[in-house]
Amino acid sequence: MKYTIKYEGNNGVIDFNSAPYLLKNPEALFNFEISVNSTLNQLENREIIDCFYFGGKSVDLEIQILGKNKEQLIDQLDFYFNNDRELLSPSKLIVNDYYVYCYVIKSENRYFTKFRNFEVINYTFKFTSRWIKEDIIDFRRNDDIKNEMGLRYPMSYPFSYKAVKRELMINNENYASAKAKIIFYGPCVNPKITINDNIYSVEANLLENERIEIEPFEKTVIKYTATGNAIDMMNYRYKKQSVFTEIPTGTSLLVKDSEFSCRLILYYERGIPAWS
């Protein structure tokens, strides 16, 4: 299996599959460890597992730098890594369809000035999330076509979209429930979808080129105007049920009317990226 590995920082993208930067130990990304909360039952000499949780993780990755301008190439890496930390904005480390948020917190060089055009540096990446894969489904306004093979939009999105009409059995393919980002597009009034009888709705009037994003990680509901202004809509969300309710594993019934377009993004979270 060939793995495409790259770093996506706040100042650009670095390909770790070929010179001048080559990841020498990609297998380190597939080592797994999870944190555990437990209670010791001394009477029965048993340890009872209360829960498992993500407690953060650090991974050492060896990056080979090869080129006549070795020092400048190393400085470029350091600029990217330092800038992410300065901004307190994590980068993404991407393996095929999966990504993890991270910072680089340590480096150790192996050869220093021994070779003019070659260096290997061990960078310690601090992961701040689990590995995530996005499953994106679009629902188009007044769409009367269901295409089982999906369709490609005439825009430069790197995804294949599914066209649906009013109802769809969506499928969470992960082994656990999935956080869901929901985007309502204008023009529409009080957009609403229902998934497994849970209502995701915002009381709002959206004009053309406006949208509302329900963001599950930050727990925010934001309206974006056509000019790019962001408006907090948290107080206008549907409150009898949580608009941040996760989507259970397996199939779920999604219901919407045809008066607006929306996008559903399911986030599949794992301890390591999929091997396949």
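How many aromatic pairs does the structure hold? The structure holds 10 of them, where rings of Phe, Tyr and Trp (its six-membered ring) pair if their centres lie within 6.5 Å, planes under 30 degrees apart counting as stacked, over 60 as edge-to-face and the rest as tilted. Before we go on, please note that this is a predicted model, in which local features need pLDDT of at least 70 and side-chain atom pairs count only at pLDDT 80 or more, while totals for chains, interfaces and linings use all residues. Residues are numbered from 1 along each chain as its sequence is written, and side-chain values use heavy atoms, with hydrogens and water left out.

Let's start with the rings. Tyr-99 is buried at 8% relative accessibility, whereas Tyr-101 is partly exposed at 28%; buried means under 20% relative accessible area, exposed over 50%, and partly exposed in between (1.4 Å probe, protein chains only). Tyr-99 also has Lys-92 over its face, 4.1 Å from the ring centre. Likewise, Arg-211 lies over the face of Tyr-224, at 4.3 Å. For such a contact, NZ of Lys or CZ of Arg must be within 6 Å of the ring centre and within 35 degrees of the ring normal.

Ring pairs also join Tyr-7, Phe-81, Tyr-123 and Phe-125 into a cluster. Phe-81 is one of the buried residues of helix H1, which covers residues 70-87. Helices (H or I, at least four residues) and strands (E, at least two) are DSSP runs numbered from the N terminus. After H1 comes Leu-88, with a positive phi near 50°.

Now for the charges. Side chains of opposite charge can pair when their charged atoms come close. The structure holds 8 salt bridges, each a side-chain nitrogen of Lys or Arg within 4 Å of a carboxyl oxygen of Asp or Glu. In one of these, Asp-138 meets Arg-263 at 2.8 Å, N to O. Asp-138 belongs to strand S11 and Arg-263 to strand S22, so their pairing ties together parts 125 residues apart in sequence. Asp-138 is buried at 5%, and Arg-263 is buried at 11%.

Glu-269 pairs with Lys-179, their closest N and O atoms being 3.1 Å apart. Here S22 holds Glu-269 and S13 holds Lys-179, so this bridge ties together parts 90 residues apart in sequence.

Methods:
The expected span of a helix is 1.5 Å times one less than its number of residues.
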